[in-house]
Amino acid sequence: MQSTGSTCGPSALATIFNYYGISKSEEEIARASFSSSSGTENWYLIRYAEKNGLKTEVSYKNSLEDVPVPSIIGTFINGRIGHFITILGKEGDRFVVGDPLKGKLLLTEKEFNKYYTFSNFVLYIKKPGA
């Protein structure tokens, strides 16, 4: 869970590190990624992930079905507030979503679209050899 109103990116990246069994705190990532009261730029998250041994791939997808796991994706809340969340898997017709504001969620794509507007930005983060 994010500890401030502007650290969804570092919190999402901490979730991905945790997915791979690597302990990194949101605070550590936020500091290294130059988070400010207006948020965190995605390229600083990319740099931090790569400096810590992970591989990254940026793409733009039109559907959640096309998002590789695990990924940080860009969304908008209420149509205007930018927010990073994670896609951690799929269980049946539901996506495993890690929302730094809400925690772990299981959502169909229809349910997802009620809460979020997908910006199409995808930051796929993989562990070398995984």
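What follows is a short walk through this model, which is predicted.

I'll begin with the annotation. The UniProt record, an unreviewed entry, gives "domain: Peptidase C39" for residues 2–123. Over that range the chain is 30% helix and 35% strand.

In what order do the six strands lie? Going across, the order is S1-S6-S2-S3-S4-S5, in an open sheet with antiparallel pairing. The edges are taken by strand S1, residues 55–60, and strand S5, residues 103–107; each has a single partner strand, so one side of each is left without a neighbour in the sheet. From one strand to the next, the twist averages 30°.

Strand S4 covers residues 94–99, and five bridges join S4 to S5, the two running antiparallel. Val96 has Leu106 in S5 as its bridge partner, and Gly98 stands opposite Lys104 in S5. S4 and S5 form a hairpin, with three residues between the two strands.

Next, the helices on the sheet. H1 packs on the sheet and touches S2, S3 and strand S6, which spans 116–126. The direction of H1 makes about 20° with that of S3. H3 also packs on the sheet, where H3 touches S1, S3 and S6. Against S1, the direction of H3 makes about 150°.

Last, the largest pocket. How much space lies in it? The figure is about 380 Å³. The lining of this pocket has 25 residues, and those nearest the centre are Cys8, Ser38, Gly39, Gly82 and His83. Which helices and strands each supply at least two residues of the lining? They are helix H1 (8–19), helix H3 (42–51), strand S2 (71–77) and strand S3 (81–91). By residue class, the lining divides into nine nonpolar, 15 polar and one charged.

To put the two parts together: H1 and H3, each of which supplies lining residues to the largest pocket, are the helices I described on the sheet, H1 touching S2, S3 and S6 and H3 touching S1, S3 and S6. That is what I have; I'll take questions.

Conventions: Residues are numbered from 1 along each chain as its sequence is written. This is a predicted model: local features need pLDDT of at least 70, side-chain atom pairs count only at pLDDT 80 or more; totals for chains, interfaces and linings use all residues. Side-chain values use heavy atoms; hydrogens and water are left out. On a 1 Å grid over the protein atoms alone, a cavity is a set of points where a 1.4 Å probe fits but cannot get out, and a pocket is an open set with protein on both sides within 12 Å along at least five of seven lines; lining residues have an atom within 4 Å of a point. Grid points are joined across faces, edges and corners, and a volume is the space filled by probe spheres set on the points. Helices (H or I, at least four residues) and strands (E, at least two) are DSSP runs, numbered from the N terminus. Ala, Val, Leu, Ile, Met, Phe, Trp, Tyr, Cys and Pro count as nonpolar, Asp, Glu, Lys and Arg as charged, and the others, Gly among them, as polar. Two strands pair if DSSP finds at least two bridges between them. Axes are lines fitted to C-alpha atoms, for helices over the stretch in contact, and angles run from 0 to 180 degrees between N-to-C directions. Contact means heavy atoms within 4.5 Å. UniProt positions are given in the numbering used here, feature names are shortened, and annotations may be inferred rather than shown by experiment.
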